[in-house]
Amino acid sequence: MYERATKKAGGAGRSVKLPGKTAKHSDAKPIDIARELRAKSALGRREAQLAKAEAKLG
């Protein structure tokens, strides 16, 4: 009659809410989520511009 919580229920691992999007379940690793958030942030966009300018200079 009773179920034991010996293992996680099926489905995705965690609920992820990215800016401008709805929350969804994902199996993504926390480091991948953090990298995506940083890339989309103002700092991440600025770093991308800097890398592009440095590549242009040689």
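Author: What follows describes the helix contact and then the salt bridges. The model is a predicted one. Its chain has two helices and two strands, in the order β-β-α-α from the N terminus. Of the 58 residues, 9% count as buried.

Helix α1 covers residues 30–40 and helix α2 residues 42–57; their axes lie 4 Å apart, at an angle of about 75°. Angles of 65 to 115 degrees count as roughly perpendicular, and α1 and α2 are therefore roughly perpendicular to each other. On the α1 side the contact is made by Arg38, Ala39 and Lys40, which meet Ala42, Leu43, Gly44, Arg45 and Glu47 of α2. By type, the residues of this contact are three nonpolar, one polar and four charged.

Two of these contact residues, Glu47 and Arg38, also form a salt bridge with an N to O distance of 2.5 Å. Glu47 is partly exposed at 36% relative accessibility, and Arg38 is partly exposed at 43%.

The structure holds three salt bridges. Lys40, another residue of the contact, pairs with Glu36 at 3.3 Å, N to O. Lys40 and Glu36 are both in α1, four residues apart, about one turn of the helix. Lys40 has a relative accessible area of 48% and Glu36 one of 32%, so both count as partly exposed.

Asp32 and Arg35 form a salt bridge as well, with their closest N and O atoms 3.9 Å apart. Both lie in α1, three residues apart. Asp32 is partly exposed at 38%, whereas Arg35, at 56%, counts as exposed.

How values were computed
Residues numbered from 1 in each chain as written. Predicted model: local features only at pLDDT ≥ 70, side-chain atom pairs only at ≥ 80, totals over all residues. Heavy atoms only, no water. Buried < 20%, exposed > 50% of the residue type's maximum accessible area, 1.4 Å probe, protein only. Axes fitted to C-alpha atoms, helices over the stretch in contact; angles between N-to-C directions. Parallel < 35°, antiparallel > 145°, perpendicular 65-115°, else oblique. Contact = heavy atoms within 4.5 Å. Nonpolar A, V, L, I, M, F, W, Y, C, P; charged D, E, K, R; others polar. Salt bridge = Lys/Arg side-chain N within 4 Å of Asp/Glu carboxyl O.
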